[in-house]
Amino acid sequence: MKAIVWQGANRVGVETVPDPTLLLPTDAIIRVTSTAICGSDLHLLDGVIPSMEKGDILGHEFMGEVVEVGRDVRRLKVGDRVVVPFNISCGVCDPCRRGLFSACDNSNPNHRMAEALYGGVSGGGLFGYSHMYGGYAGGQAQYVRVPFADVGPHRIESDLRDEQVLFLTDIFPTGYQAAENCGIVPGRDVVAVFGAGPVGQFAARSAQMLGAAHVIVIDRVPERLAMAEAAGCQVINYEQEDVLVALRESTGGRGPDHVIDAVGMEAHGHGPGALVDTAKQRLKLSFDRITALRWALLSCAKGGTVSLPGVYGGLIDKVPMGAAFAKGLTFKMGQTHTHRHIAPLLSRIEAGEIDPSFVITHRASLDDAPDLYRTFRDKQGGCIKVVLNPWG
Amino acid sequence: MSEDRSTPPPEGSTTPTEPQTDAAGQLPALERSVMGSVGVALMGAGLRSARPIQKLVLGSVGAGLAAMAATGRNPLATALKIRQTPQGEVLVSDAVTIGKPADDLYRVWRDLAGLPRLMTHLKAVEALGGRRSRWTVEAPTGTVSWEADLTADEPGRRIAWAALPGAAVENHGEVLFRPAPGDRGTEVVVRLAYRPPGGSAGAIAARLFGEEPAQQLRDDLMRFKREQELGFAPTTEGQSSARAGGQA
Ligand SMILES: [Zn+2]
Ligand SMILES: [Zn+2]
């Protein structure tokens with residue numbers, strides 16, 4: 001089959017690799033009909049993610065049709081059309097039973113790598129996102145092996161197009177969870193979203209769906225700001241305005257009740273990329289990567305919430321904790337518990353509350369993916385979100 | 001209130017970036033932050049490296065730097081993760097929570113002959129009748145074996161054992177089974193103590209040659225948890241990739 005393969009730093013290519021096979025009786029094989037490039041994939045491209053190996057198949061946003069199931073798979077049948085969460089969860093451990101699917105105890109075969117860095121615990125595995133997160137082959141391919149097939153994949157029974165449901169696998173739940181974590185009081189709370197990339201866009205629209213009185217989106221890329229503005233958000237271009245002053249003015253001096261930092265390490269992925277990136281930035285004494293986090297803490301209203309949908313992978317410093325303490329802020333963060341959001345968000349799509357395909361700017365075949373990785377990274381041609389057809 | 005007496009920055013200002021020395025006269029903050037970052041980067045590089053030596057060196061140096069950054073103290077003891085009693089015994093312990101009743105887990109451990117399935121460094125355990133058993137492990141120098149006695153056997157709660165005096169590797173250990181709060185199952189705690197041949201130098205040498213009892217115990221406990229909770233171990237062995245042979 002054809003697959004997008006990590007070939008080393010800044011080298012992503014299309015290669016012919018063996019078709020995946022069932023490795024365990026709880027696996028399924030999916031024929032991928034649509035897949036996407038995520039912002040966090042860019043940091044695999046950069047080669048800053050530890051524990052990538054040449055030849056790894058990339059991709060963690062994908063959907064398709066079940067073509068084979070292991071003998072212990074009960075819920076899925078050949079022919080089912082499914083979206084597959086980017087995180088892999090066992091469904092039976094304590095975190096999974098509590099709905100903390102991304103914190104699964106059991107799905108990462110390489111738990112010791114993450115344990116060495118994160119205080120003796122590891123999260124669950126991820127598709128196509130380094131060996132530290134399990135080393136699972138990804139979904140930017142014609143077929144993919146899906147472990148724990150009765151736990152992750154969610155059947156799509158309506159005739160919604162792929163493009164309307166594909167983002168249920170990652171960026172929609174990720175943006176939604178970021179907004180949900182704010183505990184928005186409908187009709188009262190003002191929410192600011194730093195970063196108008198795909199996750200920021202979904203966070204802003206989710207904040208609206210959850211009843212925010214006003215949503216403010218901060219970025220510097222005109223196309224991204226225009227997309228947020230089209231959804232009815234106020235926008236601030238931080239290259240043209242002093243963000244902190246503009247936010248005070250927009251909120252009567254209170255500051256936004258909740259601030260979502262969808263930049264931080266989202267630009268670095270929701271994987272461990274931040275780890276080495278942060279280290280490099282620290283060596284160069286360049287602190288720009290946490291500017292958004294610093295702004296978030298400084299701008300947030302008293303008693304507010306700072307919600308981090310992106311990832312902070314390593315150590316950061318020069319964080320204004322004094323401001324956070326003085327204002328009594330709450331921090332909410334972590335990898336998305338995708339599984340628990342899919343059904344409710346699918347209902348919202350079916351009800352016509354939101355059509356997630358708004359975020360797509362580029363469509364291409366797998367063969368074009370290496371070029372589009374660069375287009376996306378460099379934000380050329382108005383690129384916000386790329387969807388790939390593995391069979392096109 | 002915090003013990004730090006520096007004044008907070010005025011509202012709206014950016015944070016200061018100049019290095020600071022903390023009151024206790026430990027490493028300056030900036031140096032520590034650089035050290036921490038390099039340390040984490042090296043740990044990452046060490047984990048990623050396919051070559052064992054590089055993995056060890058990068059990993060250890062990285063862990064050392066990160067530890068130094070975190071504690072502001074010398075890293076060597078922490079980096080090698082060797083815990084010792086004043087009597088010169090090496091201690092290894094770890095714990096895991098498993099979603100099963102304590103009685104079930106106790107029964108699996110109490111079957112001494114089955115222990116090598118749980119603890120991979122064990123080659124064999126034979127029950128000799130009564131409280132006595134013979135334990136065999138694979139060592140760099142060949143197999144080593146000794147006799148041990150059960151020193152405690154409390155069904156559903158605790159199993160303890162000790163090697164008879166004069167064993168090649170003096171050791172003792174225990175496994176505790178404690179109900180976890182709420183409906184989370186059972187906390188399994190394993191504590192092992194042994195006197196390495198060659199004292200602490202021997203322990204360091206063993207560590208450098210790739211014997212990592214703490215990691216081995218951790219891996220064993222995680223394998224046990226997965227066997228009990230899932231009935232199998234998750235794997236990527238044999239999956240598709242673009243590496244030679246097309247397998248992962
Ligand atoms: Zn993603
Ligand atoms: Zn789980």
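Predicted model: local features only at pLDDT ≥ 70, side-chain atom pairs only at ≥ 80, totals over all residues.
Let me begin with one pair of side chains: those of A:His339 and A:Ser89 are joined by a polar contact of 3.5 Å. A:His339 belongs to helix H12 of chain A, which covers residues 338-350. Is this histidine buried or exposed? Its relative accessible area is 12%, and because the cut-off for burial is under 20%, A:His339 counts as buried. Beyond its neighbours within four places in sequence, A:His339 is in contact with A:Pro85, A:Asn87, A:Ser89, A:Phe101, A:Val151 and A:Gly152.

From here I turn to the zinc ion, ligand 2. Which residues supply its protein donors? They are A:Cys90, A:Cys93, A:Cys96 and A:Cys104, each through its SG atom, at 2.3 to 2.4 Å from the ion. Along the sequence, these donor residues follow the spacing C-x2-C-x2-C-x7-C. The angles subtended by the four donor atoms run from 102 to 120°, and the arrangement is therefore tetrahedral. For reference, the ideal angle for four tetrahedral donors is 109.5 degrees.

A:Gly91 deserves a word here. This glycine is found in the loop between strand S6 (87-88) and helix H2 (94-97) of chain A. A:Gly91 is partly exposed, its relative accessible area being 27%. Leaving aside neighbours within four places in sequence, the contacts of A:Gly91 are with A:Cys96, A:Arg97 and A:Val151. A:Cys96 is one of the zinc donors, and A:Val151 is also among the contacts of A:His339. A:Gly91 and A:Asp150 are 59 residues apart along the chain, yet 8.7 Å separates their C-alpha atoms.

Let us move to the parallel sheet of chain A. Six strands make up this open sheet, in the order S12-S11-S10-S13-S14-S15, and their pairing is parallel. Which strands stand at the edges? They are S12 (234-237) and S15; each has a single partner strand, so one side of each has no neighbour in the sheet. On average, and with direction ignored, neighbouring strands of this sheet are turned by 20° against each other.

Within this sheet, I would draw your attention to S10 of chain A. Five bridges join S10(A) to S11(A), and the two run parallel. S10(A) also pairs with S13(A), again in the parallel sense, over four bridges. A:Val193 has a bridge partner in both: A:Val217 in S11(A) and A:Ile260 in S13(A). As for S11 itself, residues 214-219, five of its six residues are buried, and the strand is mostly covered.

Helix H10 of chain A, residues 291-299, is likewise mostly covered, with seven of its nine residues buried. The buried ones are A:Ala292, A:Leu293, A:Arg294, A:Ala296, A:Leu297, A:Leu298 and A:Ser299. What do these buried residues pack against? Their partners in chain A are the strands S10 (190-194), S13 (258-261), S14 (305-308) and S15 (330-333), together with the helices H8 (243-250) and H11 (321-327).

I now come to chain B. This chain holds seven helices and eight strands. Of its 248 residues, 42% are buried. Taking the contacts in chain B between residues at least 6 apart in sequence, 44% join residues at least 24 apart.

In what order do the eight strands form their open sheet? The order is S1-S2-S8-S7-S6-S5-S4-S3, and the pairing is antiparallel. The edge strands are S1 (83-84) and S3 (122-129) of chain B, each of which pairs on one side only. Strands S5 (residues 142-154) and S6 (residues 158-163) of chain B run antiparallel and are joined by six bridges. B:Ala152 has B:Ala160 of S6(B) as its bridge partner.

Two helices complete this part. Helix H4 of chain B, residues 102-110, lies across S2 (90-98), S5, S6, S7 (171-179) and S8 (186-194), and runs at about 160° to S7(B). Helix H7 of chain B, residues 213-229, lies across S2 and S8, at about 20° to S2(B).

Notes. Residues numbered from 1 in each chain as written. Chains lettered and ligands numbered in written order. Heavy atoms only, no water. Buried < 20%, exposed > 50% of the residue type's maximum accessible area, 1.4 Å probe, protein only. Polar contact = N/O pair within 3.5 Å; in protein donor to acceptor, adjacent residues only side chain to side chain. Contact = heavy atoms within 4.5 Å. Donors = N, O, S within 2.8 Å, 3.2 Å for Na, K, Ca; no water. Tetrahedral: all angles 85-135°; square planar, octahedral: opposite > 155°, others 65-115°. Pairing = 2+ DSSP bridges. Axes fitted to C-alpha atoms, helices over the stretch in contact; angles between N-to-C directions.
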